[in-house]
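Hi everyone, thanks for coming. I'd like to walk you through one protein chain today, so let me put it up on the screen.

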Amino acid sequence: MRLLLVADVHDAVRNVKAIGGSYDAVIAAGDFTYRRRLDAAAEVLEALAAIAPVYFVPGNTDPPQLAAYEKGYIKPLHGRTAALGPYVVGGAGGSLPTPFDDLFRVTEEDLQRLLSSLSPAPHVLVVHNPPRGHLDRVGGVRPVGSVAVKRYIEERQPILSIHGHIHEDRGIDIVGDTIVVNPGPLKDGYYAEAELNGAKAVVVLKKI
């Protein structure tokens, strides 16, 4: 199964349309708009859905109402799971508080509750906020990831865990047997591809 991994699109529909290739699904880890409106976020999701079915969580710049937005091939995963072929995907949106004017904030307790409610446990985890100590360095130094997310990954060991939020810490990491990915901000042309084959995943970082 071939997946397109994106995060932090921030209204860059032109970059969505510039992605080539064929995919079975799009996994989108939040922050679709800076415009603070549901219709603006939906515009980006609909552009992604023109590529393949979209499974998403909202980010901290998205309106909280986006967590329930479902239309055709667009499936929300905030506190939910969904089937994706033989796999289960699920996750949580929003972020821990930042110094900015976030629209969608969550606490560590919220993240723990949302993740523990996912049933069955997802093979592919999607959380806007990265896990503590993994792809979460602001300015290359200060870690701002979630302890609850890290603990969940350590305990449940999904095959793949996709995150965004920290634009400057794009990359691939490992937590136990889980591949952790920040595809980078699509607003700047960054994305990733994943090939799932049974319990194995291969991830490649890409740029438009």
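This is a predicted model: local features need pLDDT of at least 70, side-chain atom pairs count only at pLDDT 80 or more; totals for chains, interfaces and linings use all residues.

How much of the chain is buried? Of the 208 residues, 56% count as buried. The accessible surface comes to about 8,600 Å², and carbon and sulfur atoms account for 51% of that. Now think about who meets whom: take the contacts between residues at least 6 apart in sequence, and 58% of them join residues at least 24 apart.

Rolling a probe the size of a water molecule over the atoms shows where empty space is left. Here, the largest pocket holds about 520 Å³ of space. It's lined by 24 residues, and the closest to its centre are Asn60, Thr98, Pro99, Phe100 and His165. What kinds of residues make up that lining?

First up is His10, which you'll find between strand S1 (2–6) and helix H1 (13–18). Is His10 buried or exposed? Its relative accessibility is 7%, and the cut-off for buried is under 20%, so His10 counts as buried. And what does His10 touch, if we skip its neighbours within four places in sequence? The list is Asp31, Phe32, Thr33, Tyr34, Thr61, His167 and Lys187.

The other one is Gly198, in the loop between strand S13 (190–197) and strand S14 (200–207). Gly198 has a relative accessible area of 41%; that lies between the 20% and 50% cut-offs, so we call it partly exposed. Leave out residues up to four places away in sequence, and Gly198 touches Tyr87 and Ile159. Have a look at Tyr87 on the screen: Gly198 and Tyr87 are 111 residues apart in sequence, yet 9.0 Å apart in space, going C-alpha to C-alpha.

To recap those two: His10 is buried, while Gly198 is partly exposed. That's it from me, thanks!

Technical notes. Residues are numbered from 1 along each chain as its sequence is written. Side-chain values use heavy atoms; hydrogens and water are left out. On a 1 Å grid over the protein atoms alone, a cavity is a set of points where a 1.4 Å probe fits but cannot get out, and a pocket is an open set with protein on both sides within 12 Å along at least five of seven lines; lining residues have an atom within 4 Å of a point. Grid points are joined across faces, edges and corners, and a volume is the space filled by probe spheres set on the points. Helices (H or I, at least four residues) and strands (E, at least two) are DSSP runs, numbered from the N terminus. Buried means under 20% relative accessible area, exposed over 50%, partly exposed in between (1.4 Å probe, protein chains only). Contact means heavy atoms within 4.5 Å. Accessible areas come from the Shrake-Rupley method with a 1.4 Å probe; for residues, only the protein chains shown count as cover.
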